[in-house]
Amino acid sequence: MSNFFGYQIHNDRQINFDNNDLYIIKYVDSLEPTLKTCISCGTCTATCTATQFTNFNLRKLITMLRRGENNIKEEINKCMLCGKCSLVCPRGVNTRNVILAIKKTINYFNL
Amino acid sequence: MKKTIIIIGAGIAGMEAATFLGSMEHNVILLEKDQEPGGHLKNWQKLFPTLRYGKEILSFLQEGIKIAKVDLKCNAIINNITKNNNTFIVNYSHQQQEINIEADAILVTTGYDTFDATKKEEYGYGIYDNVITSADLEKIFTTGKPIITAKGDPPKKIGFVHCVGSRDEKVGHVYCSKVCCVTGVKQAIEIKELLPQCDVFCFYMDMRMYGMHFEAMYKKAQEEYGVTFIRGRVSEACENIDGSILIKVEDTLAARPLKMSVDLLVLLIGFVPSEGSKMVGNMLGLQTGVNGFYKTADQHALTNISNVPGVFFAGACTSPKTITNTITDARAAASTIARYLENNPIFQRKLT
């Protein structure tokens with residue numbers, strides 16, 4: 001019945017960068033400083049075992065955190081910590097440690 | 001045998017080519033419309049990727065023309081150029097005098113103009129006070145003035161828009177201007193050094209860090225200065241009631257539209273063919289390519305040679321170039337002209 005009139009209301013998909021709080025990514029950056037040099041190339045995601053079977057996407061997850069879109073608590077658990085991403089990163093980001101740092105940050109701020 | 005060469009434009013290319021031709025014992029006359037030599041280099045405080053001062057390069061070039069005894073004529077306006085067999089007769093005005101001079105070869109080093117950002121009306125340059133260009137920002141750096149908003153406050157957030165007037169069919173410039181990406185990174189670093197508390201955001205389509213040390217500079221901007229790079233072309237800018245600038249962009253890597261306010265918006269303007277090039281091109285009958293820059297006899301191998309025998313090119317009049325590229329090109333042009341003047345058989349080579 002919700003669609004009875006043939007239209008529905010969507011939430012705003014726009015990222016409002018003025019209102020978003022970047023405290024999560026700043027804390028993650030402090031735990032793993034190499035993350036700052038990420039250029040979003042997606043090599044980590046291309047090699048990721050979890051990405052083959054789930055919609056987990058490390059490149060996108062980091063991009064979202066950098067924009068202050070911090071709803072990643074469920075996403076991060078899809079990673080199996082195999083560490084393949086760390087082997088392939090062209091900028092030498094310790095991506096496996098990034099995942100651990102994000103998990104620590106989630107606990108620290110009690111998300 | 002001593003020959004006369006006229007070089008039009010005393011920018012980087014003109015000065016360095018004059019130095020090399022002068023050092024080969026030729027008679028070199030360097031004509032400049034401005035009061036002083038140096039071209040755009042005069043307006044640039046520090047240079048990528050080393051952040052060395054532009055005036056160091058300028059004095060290096062000036063020392064060259066002095067040693068090579070180049071006859072530099074500033075405030076010179078060219079009225080017309082005629083060709084008689086292999087000789088050019090250049091008529092120019094200098095200090096209320098009209099002078100005719102005969103030359104065996106002409107080197108055109110008329111450079112580029114910066115893109116007029118008012119043509120991209122959606123970014124609000126010339127409409128909103130807090131929208132400036134990379135050239136305006138450089139002027140602030142050169143004069144040592146503080147970086148402030150139109151109201152006089154230090155900015156907390158500054159945005160850089162890449163590719164303004166480049167890679168854009170809407171303004172008729174489909175080519176990449178080559179230097180703006182790295183200029184953006186350089187200026188972002190300079191701002192962070194002057195205002196460490198200010199957040200800097202760069203909105204790019206591609207980061208073209210092709211040159212030696214450019215990529216290292218980009219990484220340094222991320223790692224040491226915390227500059228944020230957002231992939232997406234800004235679609236429009238509008239003014240908030242407090243005078244800050246609201247920009248809309250797609251964050252293409254997040255696949256989501258994004259809006260944010262910045263206190264100052266810097267437009268990284270590209271290269272366009274210069275008015276001087278158009279003028280000289282008309283006088284000499286020089287061909288231009290699809291992008292409006294001079295067309296060289298061959299894109300790979302005859303890059304200093306024009307469609308008119310005896311007329312040569314160097315520098316940014318044929319395509320956007322970095323300072324490094326321009327200096328190299330100027331020396332190549334000098335060598336090409338020297339061989340042309342001695343009727344060297346290497347000019348018999350043809351490319352099909």
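Biologist: Which residues of helix 4 of chain B meet helix 5 of chain B, and which residues do they meet there?

Modeller: In helix 4 of chain B they are Val182(B), Val185(B), Lys186(B) and Ile189(B), and they meet Phe214(B), Met217(B), Tyr218(B) and Ala221(B) of helix 5 of chain B. Contact means heavy atoms within 4.5 Å; helices (H or I, at least four residues) and strands (E, at least two) are DSSP runs, numbered from the N terminus. By class, the residues of this contact are seven nonpolar, no polar and one charged. Here Ala, Val, Leu, Ile, Met, Phe, Trp, Tyr, Cys and Pro count as nonpolar, Asp, Glu, Lys and Arg as charged, and the others, Gly among them, as polar.

This is a predicted model, in which local features need pLDDT of at least 70 and side-chain atom pairs count only at pLDDT 80 or more, while totals for chains, interfaces and linings use all residues. Residues are numbered from 1 along each chain as its sequence is written, chains are lettered from A and ligands numbered from 1 in the order in which they are written, and side-chain values use heavy atoms, with hydrogens and water left out.

Biologist: At what angle do helix 4 and helix 5 of chain B pack, and how far apart are their axes?

Modeller: Two packed helices are described by the angle between their axes and the distance between the axes. For helix 4 (residues 180-194) and helix 5 (residues 214-223) of chain B, the angle is about 40° and the axes are 10 Å apart. Helix 4 of chain B is therefore oblique to helix 5 of chain B. Axes are lines fitted to C-alpha atoms, for helices over the stretch in contact, and angles run from 0 to 180 degrees between N-to-C directions. Angles under 35 degrees count as roughly parallel, over 145 as roughly antiparallel, 65 to 115 as roughly perpendicular and the rest as oblique. The crossing of these two helices of chain B is left-handed, that is, the near helix is turned anticlockwise from the far one by less than a right angle, whereas clockwise would be right-handed.

Biologist: How do helix 1 and helix 2 of chain B pack?

Modeller: Helix 1 (residues 12-23) and helix 2 (residues 54-67) of chain B have axes 8 Å apart, at an angle of about 35°. Their crossing is left-handed. Helix 1 of chain B contributes Ile12(B), Met15(B), Glu16(B), Ala18(B) and Thr19(B) to the contact, and helix 2 of chain B contributes Leu58(B), Phe60(B), Leu61(B), Gln62(B), Gly64(B) and Ile65(B). Seven nonpolar, three polar and one charged residues make up this contact.

Biologist: What is the pattern of chain A along the sequence?

Modeller: Chain A reads β-α-α-α-α-α-α-α, with seven helices and one strand. Its C-alpha trace spans about 55 × 30 × 25 Å along its principal axes. Of the 111 residues in chain A, 38% are buried; buried means under 20% relative accessible area, exposed over 50%, and partly exposed in between (1.4 Å probe, protein chains only).

Biologist: Which residues in helix 1 of chain A are buried?

Modeller: In helix 1 (residues 23-31) of chain A, Ile24(A), Ile25(A), Val28(A) and Asp29(A) are buried. They lie on the same side of helix 1 of chain A because they cover an arc of only 135° around the axis, taken from the directions from the helix axis to the C-beta atoms. These buried residues pack against helix 4 (58-66) and helix 7 (95-108) of chain A.

Biologist: Is Cys79(A) buried or exposed?

Modeller: Cys79(A) is buried, at a relative accessible area of 17%. Cys79(A) sits in the loop between helix 5 (73-76) and helix 6 (84-88) of chain A. Residues up to four places away in sequence aside, Cys79(A) touches Ala50(A), Phe56(A) and Ile99(A).

Biologist: Where is Val262(B)?

Modeller: Val262(B) belongs to strand 17 (residues 256-262) of chain B and is buried, with 0% relative accessibility. Beyond its neighbours within four places in sequence, Val262(B) is in contact with Lys157(B), Ile158(B), Gly159(B), Ser244(B), Ile245(B) and Ile247(B).

Biologist: Which residues does a cis peptide bond join?

Modeller: Phe48(B) and Pro49(B) are joined by a cis peptide bond, with omega about -10°. Pro49(B) is in the loop between strand 3 (46-47) and strand 4 (52-53) of chain B.

Biologist: What is phi of His213(B)?

Modeller: Phi of His213(B) is near 80°, a positive value in a residue other than glycine. His213(B) is in the loop between strand 13 (199-204) and helix 5 of chain B, and is exposed, with a relative accessible area of 53%.
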